[in-house]
Amino acid sequence: MSRRITSLLAIAAVCVAVAPAPASAQVPKEPIDCSQVKCIALTFDDGPGKYAGTLLDTLKKNGAKATFFLEGQYVKSRPSYVKRMVAEGHELGNHSYSHPDFTKSEAGTIKSEIQKTQDAVKKAAGVEPKLLRPPYGLADLQVSDIAAEFGMPMILWTAGSQDWSSKNVKAIQKQTLAVAKPNGIILMHDWVKQTVDGMPSLIKTLKNKGYHLVTVSDVIKSQNLEPGDIYPVPEGWEK
Ligand code: NI
């Protein structure tokens with residue numbers, strides 16, 4: 001090696017040594033404490049939906065986390081999205097395999113609907129959901145007992161975006177902002193194109209209002225839920 005090349009390499013080495021660390025090398029953030037800061041959990045049901053990939057891109061770009069209550073049949077048909085959800089730090093929940101009303105189902109059907117979805121998620125992403133959202137948010141004591149057998153609390157929502165009914169970007173944003181509250185759990189759907197289309201601007205507005213977009217487990221931490229518990233507790237629920 002000539003003297004000239006050697007000295008160029010030496011200069012290059014110095015440059016590398018003094019270059020500032022890239023943004024990606026920053027120390028990971030402390031876990032968010034939702035009893036101290038304003039948190040909200042966006043939840044997406046019945047997926048992975050058709051637009052899950054675009055939604056995941058938006059969440060990633062904005063450093064936002066979400067919770068996906070997955071339907072086993074779509075986990076089976078779109079496993080790569082499920083894998084991405086886990087890799088990108090989102091939370092997964094079980095929303096049955098084919099979306100029957102659990103309060104009108106036999107115990108055996110409920111158990112197999114839950115188990116098949118656990119198995120599909122495990123196969124797709126190597127993890128098992130720890131939260132159950134019964135289809136339509138409908139549960140009774142039988143469903144609660146079965147959820148307990150699976151070691152899962154049942155998670156409903158504090159408010160809905162009404163996205164499945166309005167299918168309108170502005171209406172979805174307006175409704176979500178109207179019902180947003182600290183430690184709120186918002187029901188949305190990643191099969192509704194308008195929800196996913198409006199997400200960049202909705203996330204920006206929520207952040208401007210001081211919200212941290214976190215997972216359901218982050219916002220329910222202080223509730224200390226046991227398997228079989230339901231949250232929020234629906235009117236008339238007795239156990
Ligand atoms: Ni659903």
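**Exercises: a nickel site and salt bridges**

Histidine 95 and histidine 99 are both buried (under 20% relative accessible area; exposed is over 50%, partly exposed in between; 1.4 Å probe, protein chains only). The model is predicted, so local features need pLDDT of at least 70 and side-chain atom pairs count only at pLDDT 80 or more, while totals for chains, interfaces and linings use all residues. Residues are numbered from 1 along each chain as its sequence is written, and side-chain values use heavy atoms, with hydrogens and water left out.

**Exercise 1.** State which residues coordinate the nickel ion and how they are spaced.

*Solution.* Step one: take as donors the N, O and S atoms within 2.8 Å of the metal (3.2 Å for Na, K and Ca); water is not among the atoms, so sites may look incomplete. Step two: the atoms found are OD of Asp46, NE2 of His95 and NE2 of His99, at 2.1 Å. Step three: the sequence spacing of these donor residues reads D-x48-H-x3-H.

**Exercise 2.** Locate the two partners of the salt bridge between arginine 133 and aspartate 45.

*Solution.* Step one: a salt bridge needs a side-chain nitrogen of Lys or Arg within 4 Å of a carboxyl oxygen of Asp or Glu. Step two: here the closest N and O atoms are 2.6 Å apart. Step three: the pair links distant parts of the chain, 88 residues apart, with arginine 133 in the loop between helix 5 (107-125) and helix 6 (141-149) and aspartate 45 in strand 1 (residues 39-47). Helices (H or I, at least four residues) and strands (E, at least two) are DSSP runs, numbered from the N terminus. Step four: arginine 133 and aspartate 45 are both buried.
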